[in-house]
Amino acid sequence: MFEPGSDGYMLAVIGLLTVCSAIMRAGYFVVGNRIPLTENVRRALRYAPPAALVAIIVPELLPWAEGGRAFFDVRLLAALVAVLVYVRTRSTIAVILSGMGAFWLLRAIL
Amino acid sequence: MTKVSLPQARALARARAAKSFNEGFQQVLPTMVATSLWGFVTGIAMVKAGMSELMASLMTLLVYAGSAQLTALPLITAGAPLWLIFAAASVVNIRFVIFGAAVQPFFSRYRWPARLGLGYWLSDMGFVLFMSKFADAKKRGTPHQMWFYLGLIIPGWISWQVASLAGIFMGGVVPQGWELEFAATLALMGITIPLVKNMPMAVSILVAGSLAWLCQPLPLRLGLAVAVVGGIVSGVAAEKYQLKGGHRV
């Protein structure tokens, strides 16, 4: 019934991942009243959001190759262009447009 | 002292709730470019991994966790055992335990079914925006915070789902050479850079970024969890250093 590739397997995966989402996200919401955090820990957690975002971004810009070797590609250059544009314009849309533009251009040239 | 009748008080509360909801909505609106791009790319990835459109739709609607879904895809294609897929998704989702711990005190006065729902619909973006606004709030658990939060997570959920379904059913229209994934990364950068407002925050993201780069060979995206922990620890350390009369920036 749960053989890989079958609908049953797929439904089981979806069911399990739904449970996983609920436990991980809502777990503390549901039982947290009984295990309160100290004020210091709570203050420390302010650093979590930017850290998580950066941790998603960095491997996209500077990926490691299959064999476990770091490599460099035009994405990083395009991202630098986008950062400079952000500093000047303070606009998120400008970051996306300039970064994509630089990426396509650099890829065509290099 | 003026007396307010009950219907009047209700109308007033409703107007305030609508205002708070709208305030949240205005905050989440600019981030929707990023999340929609991620959703679209995730939708395409599910179909490319061989999932039927029906299963892919079910997955996005129920699981609602882009990074966990993307992690599970290669395992599904390989026919991995169910427990392994569950374990991998759990590791990727660990950051939500930290997020949940930070946000929970704001909603502790509600009953558990409500808390279950509020937690399940928590997203990366909802967390980032909510904490940016209320991390230093003196009072926790106000109706304003609740409606602001709903203003973040409800529109966020809708835009993610619409984008993800669009990716599932119409993803083939976009040429692969465009590399839309990169646009999603850029959009995330546009959200992250403005968060760096002081020295400890800058130290925190430098450390988190370095760890995320170094830890890439770790399996199951464990590097993400390592980076978050490192970011928190270094941020706190930098804050302490600053308070001790260290160099103030």
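Analyst: One term to start with: two residues are in contact if their C-beta atoms, placed from the backbone, lie within 7 Å. Also, this is a predicted model.
User: OK. How many residues does the contact take from chain B and from chain A?
Analyst: Chain B puts in 74 residues. Chain A puts in 57 residues.
User: Which elements of chain B give two or more residues to the side that touches chain A?
Analyst: They are α3 (53–63), α4, α5, α6 (112–120), α7 (124–134), α9 (180–192), α10 (199–214) and α11 (222–243) of chain B.
User: And which one gives the most to that side of chain B?
Analyst: That is α5(B), with 15 residues.
User: How do the residues on that side of chain B divide into nonpolar, polar and charged?
Analyst: On the side of chain B that touches chain A, 55 are nonpolar, 16 are polar and 3 are charged.
User: Let's switch to chain A. How many helices and strands are there?
Analyst: Chain A has 5 helices and 0 strands. From the N terminus on, its elements run α-α-α-α-α.
User: Is chain A compact or spread out?
Analyst: Chain A is more spread out than a compact globule, because its radius of gyration is 21 Å, well over the 13 Å that the globule rule gives for 110 residues. Its C-alpha atoms fill a box of roughly 55 × 50 × 30 Å along the principal axes.
User: What share of chain A counts as buried?
Analyst: Of its 110 residues, 36% count as buried.
User: And what share of its contacts join residues at least 24 apart?
Analyst: It is 28%, among contacts in chain A between residues at least 6 apart in sequence.
User: Back to chain B. Which domains is chain B divided into?
Analyst: There is domain 1 (9–178) and domain 2 (196–249). The centres of these two domains of chain B, taken over C-alpha atoms, are 24 Å apart.

Key. Residues numbered from 1 in each chain as written. Chains lettered and ligands numbered in written order. Predicted model: local features only at pLDDT ≥ 70, side-chain atom pairs only at ≥ 80, totals over all residues. Domains from an automatic or database assignment. Helix = DSSP H or I, 4+ residues; strand = E, 2+ residues; numbered from the N terminus. Rg over C-alpha atoms; globule rule 2.2 N^0.38 Å. Buried ≥ 20, exposed ≤ 12 C-beta atoms within 10 Å, placed from the backbone. Nonpolar A, V, L, I, M, F, W, Y, C, P; charged D, E, K, R; others polar.
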